[in-house]
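Please read these notes alongside the sequence and the structure. They take up how two chains meet.

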Amino acid sequence: AQVEAAPVDLSGYTRVKQDLVAPPFAPVHEQVATGGPKLIEINLETTERLMVVDEDTGASIWALTYNGSVPGPLIICHEGDMIELTLRNPVGSMMEHNIDFHASTGALGGGGLTHVFPGEETVLRWKATKPGCFTYHCAPGGAMIAYHVCHGMNGAVMVLPRDGLKDVDGNPLPYDSIAYIGEQDYYLPMDEFGDYKTYEAAGEDYADSLDAMRRLTPTHSVFNGAVGALTGENALTATVGDTVLMIHNQSNRDSRPHLIGGHGDYVWETSFSTPPLTGVETWFVRGGTAMASMYTFKQPGVYAYVNHNLIEAVLLGATAHFVVEGEWDNALMEQVVAPHSFEA
Amino acid sequence: AQVEAAPVDLSGYTRVKQDLVAPPFAPVHEQVATGGPKLIEINLETTERLMVVDEDTGASIWALTYNGSVPGPLIICHEGDMIELTLRNPVGSMMEHNIDFHASTGALGGGGLTHVFPGEETVLRWKATKPGCFTYHCAPGGAMIAYHVCHGMNGAVMVLPRDGLKDVDGNPLPYDSIAYIGEQDYYLPMDEFGDYKTYEAAGEDYADSLDAMRRLTPTHSVFNGAVGALTGENALTATVGDTVLMIHNQSNRDSRPHLIGGHGDYVWETSFSTPPLTGVETWFVRGGTAMASMYTFKQPGVYAYVNHNLIEAVLLGATAHFVVEGEWDNALMEQVVAPHSFEA
Amino acid sequence: AQVEAAPVDLSGYTRVKQDLVAPPFAPVHEQVATGGPKLIEINLETTERLMVVDEDTGASIWALTYNGSVPGPLIICHEGDMIELTLRNPVGSMMEHNIDFHASTGALGGGGLTHVFPGEETVLRWKATKPGCFTYHCAPGGAMIAYHVCHGMNGAVMVLPRDGLKDVDGNPLPYDSIAYIGEQDYYLPMDEFGDYKTYEAAGEDYADSLDAMRRLTPTHSVFNGAVGALTGENALTATVGDTVLMIHNQSNRDSRPHLIGGHGDYVWETSFSTPPLTGVETWFVRGGTAMASMYTFKQPGVYAYVNHNLIEAVLLGATAHFVVEGEWDNALMEQVVAPHSFEA
Ligand SMILES: [Cu+2]
Ligand SMILES: [Cu+2]
Ligand SMILES: [Cu+2]
Ligand SMILES: [Cu+2]
Ligand SMILES: [Cu+2]
Ligand SMILES: [Cu+2]
Ligand SMILES: [Mg+2]
Ligand SMILES: [Mg+2]
Ligand SMILES: [Mg+2]
Ligand SMILES: [Mg+2]
Ligand SMILES: [Mg+2]
Ligand SMILES: [Mg+2]
Ligand SMILES: [Mg+2]
Ligand SMILES: [Mg+2]
Ligand SMILES: [Mg+2]
């Protein structure tokens with residue numbers, strides 16, 4: 001059918017290139033679209049690499065990635081734009097890869113048209129018809145779908161409304177920065193002593209991984225690929241008064257993010273075409289979803305952004321930090337009496 | 001109290017019979033109700049039968065069913081109608097059964113009034129006061145509740161608004177067909193070699209099943225009773241331009257359906273009295289819920305409808321297929337350059 | 001920063017004291033606020049105590065509590081009010097505690113300002129700026145966060161809109177009573193024979209507990225601290241025509257409450273600033289959330305309020321009962337023919 005399909009007229013589109021950047025950062029973009037629809041060229045490479053998941057235990061994985069990061073880079077466009085992806089699988093890869101964009105329509109989200117073996121490339125163009133945040137991921141077929149996704153091969157596209165984000169009454173909701181957070185559930189095989197196994201090359205953990213995955217209980221659930229990837233030196237930063245758009249991608253498993261000490265002023269759990277939830281303590285990420293929450297920081301200090309299954313946050317790794325500068329507001333909170341002995 | 005309750009005047013109701021059909025199909029019904037309220041007679045039989053869950057492994061279960069299928073048949077009425085159920089437990093059954101309709105009001109959803117032992121029948125009438133999709137299930141009491149539900153004894157009622165489905169602005173949302181999908185989590189006992197155990201009769205797996213269920217990790221999560229029940233020869237079908245209403249029933253465990261290559265144009269996660277979510281990538285089924293999503297197909301090809309915990313989709317069985325005929329639209333997606341070696 | 005912050009003018013606030021009560025009850029409160037904003041004094045004590053979780057098995061836990069109950073007491077205020085908490089850790093405690101209020105803003109929800117060692121107390125004041133139900137919990141740092149929360153150290157604050165609860169059209173939604181239900185996931189360590197282990201003092205189960213928690217599968221999920229805490233003698237009560245506001249707190253793990261035989265007429269899953277869902281069969285509690293559902297009872301009898309993962313309801317303990325008095329309405333449901341042998 002596709003061979004005989006009518007050719008498409010692209011004369012109304014302006015061709016531009018989007019330089020993708022590593023998470024937690026966002027590519028240069030407009031919040032409110034200027035001009036007509038764009039045809040946005042992007043490049044993704046299916047990079048297989050050994051990554052340390054937790055320095056404390058030495059747990060590691062032969063990650064399957066887009067452009068080397070877990071999650072893959074954030075792609076941003078507006079409703080009505082087209083994405084033209086060049087997908088390249090390096091010669092040295094061990095495995096076939098492809099890509100399924102939840103934001104797209106047809107052919108298994110593009111998965112059916114983008115299978116690239118090591119040394120191959122392909123070009124796919126698709127139109128962003130629905131506003132929202134959407135996950136993308138590798139889906140080579142059968143059990144390999146879950147295997148690739150659970151090895152890091154996923155990321156997010158944000159399709160903004162042409163006139164930007166709005167509240168329920170149509171008032172604009174601009175943001176000062178984006179924090180792009182991918183939560184990754186890993187199912188790392190252990191040996192009979194409970195130590196994480198190591199492997200020589202990508203794919204060698206396949207049988208062991210399927211056994212571990214079948215139990216549905218991850219050994220790790222981390223932000224941006226590894227325990228501590230967004231804490232300490234790598235913490236996110238903001239200033240009191242900043243409005244941050246937090247984009248959370250989880251391609252496989254439910255999550256429930258909470259910003260400790262803050263809130264979701266506006267939360268889009270499902271799309272940008274349904275008005276945002278407001279004043280939310282803990283929002284929900286349906287497994288196989290990217291979504292967005294927005295917060296304007298009101299106090300300085302360290303905020304932990306966690307999966308509020310606190311076992312997953314503190315034992316499995318799902319914790320990020322925002323370090324926020326600015327002036328404390330005693331009207332919002334005050335330590336009236338510092339901790340002291342009441343026997344004194 | 002019930003014995004002394006005032007008799008009800010049914011003179012305003014037209015008595016009709018609804019012939020129930022096996023999933024994934026829907027009974028003959030009106031989308032917009034004509035005439036006054038109906039009193040709809042239905043029949044359900046509590047059939048216990050040995051079912052193969054996965055032909056590849058030979059995994060099987062003594063399923064507990066309504067009318068022989070997992071899920072039980074879809075029942076459709078309009079808000080304000082009454083359902084009059086005759087529930088019959090065959091003479092040869094091993095177990096007591098009953099039925100709890102989430103759509104109904106009082107007496108544990110009817111569960112308290114419908115306990116039938118083998119060889120017994122009863123008649124229950126209830127009024128559909130809330131529009132939405134609702135699960136129904138067996139609930140004989142105590143641990144048997146979970147045991148029966150996890151052995152397939154559940155299904156769905158759809159209570160349509162009298163004037164049919166609407167978008168947030170009140171525009172009608174008619175559909176061309178219904179795909180009725182029940183997701184079933186099974187907890188099949190294994191022997192010490194990891195092989196699925198077999199049993200001689202319904203109920204013999206009771207103690208083993210409770211042990212397996214307590215771990216909260218299903219061995220299977222399948223659509224319409226068995227791995228592959230809605231793929232291959234049994235795939236669902238549609239044509240480009242068709243609007244399909246997908247009804248998802250999961251009586252016990254959360255799920256997150258996604259239509260690979262498509263979307264939820266309209267999604268009612270909780271009821272028909274709250275406006276639908278729009279443009280959704282992956283929706284959420286609260287465990288113990290039936291819900292509906294609506295999509296108009298825009299491209300031909302094979303679409304996989306999955307629980308987007310991809311481990312559950314590809315290892316546990318939660319995958320269905322839609323085979324869609326029609327013309328490809330290059331404006332939505334085009335393979336600009338087919339996969340080829342970039343060294344050539 | 002906090003030391004140098006401007007002092008706050010509290011002259012517009014009326015200082016009152018809220019006497020907290022044990023769950024499932026609610027403190028005396030106004031639904032619609034009269035007068036100006038209040039500064040509400042409350043007291044919480046971090047009580048460590050040995051609790052029986054299930055009398056049948058003898059399973060027990062050295063619970064970590066606020067004021068001795070699991071969940072901690074319900075706190076109620078209105079948007080714009082301030083809460084002034086005195087938090088006291090008894091001299092005989094084994095552990096450090098603090099408190100993180102999801103309803104508050106800054107300093108890790110107050111967690112950073114309230115660390116009290118045994119024999120210490122502190123006073124924290126914070127402003128309720130967002131209407132909704134919010135969880136609070138202990139969060140002493142690192143793995144201790146999950147350990148304390150999974151030992152019962154959590155509860156809920158309800159921040160009502162000043163003019164009370166409303167439907168989507170702004171009509172008032174008053175209630176006759178509150179049922180405050182905290183769902184607690186416990187991960188009780190077992191010995192090699194599968195028996196629950198016992199410990200001499202709070203904290204002694206720390207290493208064993210972390211091992212059990214890491215599997216993410218609770219041994220118990222109970223309402224108000226123990227199996228059967230809200231059934232039998234302890235069942236909740238109501239009368240036909242009563243409107244009950246059910247507040248569900250789950251600080252760690254997702255849940256999906258269902259009222260068997262009833263519905264959620266109005267359900268606020270995320271906040272009071274987003275209009276309620278209506279006519280819901282089963283609602284969703286994001287782990288790390290308190291939320292509210294409202295129902296007006298229409299029939300007499302026993303209603304079970306359950307986590308509708310029925311395994312968790314019947315095997316893990318997540319069941320409460322409402323015993324409702326009043327007259328049966330045959331127009332809503334009628335047993336037309338009682339169960340009888342169809343061979344006779
Ligand atoms: Cu791949
Ligand atoms: Cu997908
Ligand atoms: Cu049954
Ligand atoms: Cu139920
Ligand atoms: Cu504590
Ligand atoms: Cu918290
Ligand atoms: Mg570590
Ligand atoms: Mg999304
Ligand atoms: Mg392939
Ligand atoms: Mg198979
Ligand atoms: Mg429903
Ligand atoms: Mg019985
Ligand atoms: Mg017991
Ligand atoms: Mg809440
Ligand atoms: Mg500390």
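1. In this predicted model, the side chains of B:Asp265 and A:Lys130 meet in a salt bridge, with a distance of 2.4 Å from N to O. The count between chain B and chain A is 4 salt bridges.

2. Polar contacts also cross the interface: the rule finds 27 residue pairs of this kind between chain B and chain A, with both residues at pLDDT 80 or more. In chain B, the elements that each supply at least two residues of the side touching chain A are strand S16 (277–280), strand S18 (301–307), helix H3 (310–314) and strand S20 (333–341). The largest share comes from S20(B), with 9 residues. By type, the residues on this side of chain B divide into 25 nonpolar, 15 polar and 9 charged.

3. S20(B) is also joined to a strand of the other chain. Its partner is strand S7 of chain A (residues 120–127), and 6 bridges link the two, which run antiparallel. Within this pairing, B:Gln335 of S20(B) has A:Leu124 standing opposite.

4. How many residues of each chain are in contact? Chain B contributes 49 residues and chain A 66.

5. The size of an interface is often given as the accessible area lost when the parts come together. Between chain B and chain A the buried area is about 4700 Å², and carbon and sulfur atoms give 58% of this area. In chain B, the residues that lose the most area to chain A are B:Glu281, B:Met333 and B:Phe342, together 16% of what that side buries.

Conventions: Residues are numbered from 1 along each chain as its sequence is written. Chains are lettered from A and ligands numbered from 1 in the order in which they are written. This is a predicted model: local features need pLDDT of at least 70, side-chain atom pairs count only at pLDDT 80 or more; totals for chains, interfaces and linings use all residues. Side-chain values use heavy atoms; hydrogens and water are left out. Contact means heavy atoms within 4.5 Å. Buried area is the accessible area (1.4 Å probe) that two parts lose on being put together, summed over both. A polar contact is a pair of N or O atoms within 3.5 Å; within protein, one must be able to donate a hydrogen and the other to accept it, and residues adjacent in sequence count only if both atoms are side-chain atoms. Helices (H or I, at least four residues) and strands (E, at least two) are DSSP runs, numbered from the N terminus. Ala, Val, Leu, Ile, Met, Phe, Trp, Tyr, Cys and Pro count as nonpolar, Asp, Glu, Lys and Arg as charged, and the others, Gly among them, as polar. Two strands pair if DSSP finds at least two bridges between them.
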